[in-house]
Every structure is written in C-alpha cells, then in structure tokens.
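This briefing reviews selected features of the structure shown below, grouped by topic.

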Amino acid sequence: MSSDTKTIDQFLSENPNVDVSKAWERCWGILTDVKQTIASRFSGLELEPACHGREYYTSPNGEFEGSFQAWSGGDCEWLVNSWLGNRKASILDMNATAYLGQKTDVPHFVMVFGTIPKLFFYFDFMPRRNLLVDSAYLDKYYAPINDEYLALRGNPNFQWSVSHGPYMRALINPSTQSLMADLNDENIDILEDYARRMLAHWLRWYDEAEPLAASEREALRRDDHQLRRLCYERDPMNKLATKVFGEEGVQQMLTLRMGAEQMRRAVEV
C-alpha cells in the first residue's frame with residue numbers, strides 16, 4: 001500500500017513506541033497560542049461547563065491522556081483546544097478549531113497537528129457556502145490564498161495523506177492541507193509559519209466581513225450544527241479511541257467534543 005493511503009494503525013505498528021514528548025510540547029504550544037489569539041478577538045467567550053475537570057484526563061487503563069477545553073460566546077460558537085494520545089508511544093492528535101456564529105458566513109478555522117509517529121498536519125478553512133456554485137464566495141476566501149496553498153503543497157518535505165473516511169474526504173476544499181512529513185523541527189517550522197499566515201488572513205476576513213442578513217442566519221446555523229456533528233461522528237480516529245475508552249466512553253466524548261449541549265442551547269435562544 002502506498003504510504004499516502006496507509007492507515008494510522010499501519011503507521012503505528014511500524015513504530016509503536018516512539019517518544020514524541022518534544023513534538024507534543026512544540027506543537028501543543030503553537031496550537032495553544034493560535035487558540036489564545038482567536039479568543040482575544042471575540043468577547044463573551046466562556047468555558048463550556050462540561051469541560052471543567054477536563055484540563056487533563058487519562059483513559060481508564062492509563063494508556064491515553066489528553067485535554068479537552070472548549071469555549072462559546074459572542075460570535076464564536078465553538079472554540080476548541082484539545083489533545084489526545086500517548087506521548088511515550090507515538091500517537092498524538094492535537095487541534096485548535098473555531099466554529100463561528102452566524103453574524104457572518106466567513107469560513108470556520110480548523111488546524112490539527114498529529115504524530116503517528118510521522119508528523120501529520122491538517123489545515124482547513126471550512127466553507128459555509130457551496131463552492132461549486134457560489135463562485136463569489138470561492139473568489140473571496142480561497143483564491144487569495146492559492147499561491148500560498150500551492151507553495152506548501154509543492155514542498156518536497158511533505159506528502160498528501162488520504163483519509164480512509166469518505167466523509168472526511170468530502171470535506172476537502174481548495175484550502176485543505178492533509179500532509180505527512182518526517183517529524184523534525186524544520187518541518188514544524190514550515191507548518192507553523194503557514195498556519196500563522198492563514199490565521200492572519202482569517203482574522204482579517206472576519207474583521208472586514210459584512211453582516212449576514214438576519215433572514216439567512218437560521219438556515220446557516222442548521223448547516224453549521226449538522227457539519228459539527230458529522231465532522232466528529234465520522235472521524236476515523238474514533239475507531240482508535242474506541243479501543244481505549246470503549247463504545248460508551250467514546251460516545252460521551254463525542255457529545256462533548258461536538259458541543260451538543262451548546263448547540264441545544266443555541267436553538268432554544
């Protein structure tokens with residue numbers, strides 16, 4: 001099987017016990033700083049009540065450890081900073097994600113670092129319009145980053161990583177980077193620089209965005225919430241987590257991760 005279509009299990013079976021603690025420290029620091037930068041631009045953010053006590057947790061058998069913190073408020077519906085894995089045994093999944101409210105239709109922001117133990121990077125401006133028919137939205141948010149996108153995609157240090165989940169592949173858009181590389185500081189430097197430039201674009205887009213008509217906001221919220229549910233429910237990583245936390249434990253984690261309670265509250269307002 002080509003390396004770009006190997007499963008996580010296959011990568012881990014080849015190098016199952018690599019200490020990735022230094023990579024965790026570096027990548028988690030970058031993601032935390034990205035989260036803090038985003039949080040500083042939105043007023044009214046509050047920690048989701050169910051996240052209290054989840055600053056650090058372990059699986060029942062101690063095999064996995066992690067953190068899950070999410071905030072909501074104002075026009076940032078769901079800001080997540082989390083990690084999960086085993087720093088002594090190759091596997092890490094770390095992210096900073098911001099799902100916006102419906103005052104604008106600016107794309108959502110998704111950034112992931114991982115180790116398997118090769119370095120994994122996923123980046124996405126998740127569209128909130130159909131790019132196949134809404135060319136104005138495509139030109140506004142995706143054409144301006146085209147050269148930067150292609151420069152990273154063409155860097156020989158990185159290769160494309162194909163998800164085995166059809167839904168995850170359906171999420172691919174002109175901003176999606178799903179890459180693997182050797183785990184070293186040089187490659188993390190390249191990805192950090194790219195991510196920070198994308199963050200600057202995104203924050204400027206939000207600052208300059210025209211308010212969305214009130215009549216369009218309810219339909220957009222329904223789509224936003226369905227997207228959040230499916231992104232978490234259909235993530236192939238859930239299979240690996242189930243081996244450690246069990247079916248019931250993973251379902252509880254998914255309910256928290258997607259922000260099911262926050263979505264319920266938003267509908268009731």
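**Strand pairing, burial, cysteines and a helix**

Phe109 stands opposite Phe125 of strand S7. This is a predicted model.

**Strand S6 and its partners**

- S6 and S7 (residues 119-126) are antiparallel and are paired over eight bridges.
- A hairpin of three residues connects S6 to S7.
- Strand S5 (residues 92-100) also runs antiparallel to S6, the two being joined by seven bridges.
- In S6, Val110 has Thr97 standing opposite.

**Burial of S6**

- S6 (residues 108-115) is largely enclosed by the rest of the structure, because eight of its eight residues are buried.
- Both faces are covered: one side carries His108, Val110, Val112 and Gly114, the other Phe109, Met111, Phe113 and Thr115, and all are buried.

**Cysteines**

- Zero disulfides are found in a search of the whole structure.
- Cys51 takes part in no disulfide, and the nearest cysteine sulfur, in Cys76, lies 13 Å away.
- For Cys76, the closest cysteine sulfur is that of Cys51, and the 13 Å between them is too far for a bond, since the cut-off for a disulfide is 2.5 Å.
- Cys51 counts as buried because its relative accessibility is 0%; Cys76 is likewise buried, with a relative accessible area of 0%.

**Helix H6**

- The 24 residues of H6 (residues 185-208) should span 34 Å at 1.5 Å a residue, and the end C-alpha atoms are 34 Å apart, so the two values agree.
- At the start of H6, a side-chain oxygen of Asn184 comes to within 3.2 Å of the backbone nitrogen of Glu186.

Technical notes:
Residues numbered from 1 in each chain as written. Predicted model: local features only at pLDDT ≥ 70, side-chain atom pairs only at ≥ 80, totals over all residues. Heavy atoms only, no water. Helix = DSSP H or I, 4+ residues; strand = E, 2+ residues; numbered from the N terminus. Expected span 1.5 Å × (residues − 1). Polar contact = N/O pair within 3.5 Å; in protein donor to acceptor, adjacent residues only side chain to side chain. Buried < 20%, exposed > 50% of the residue type's maximum accessible area, 1.4 Å probe, protein only. Pairing = 2+ DSSP bridges.
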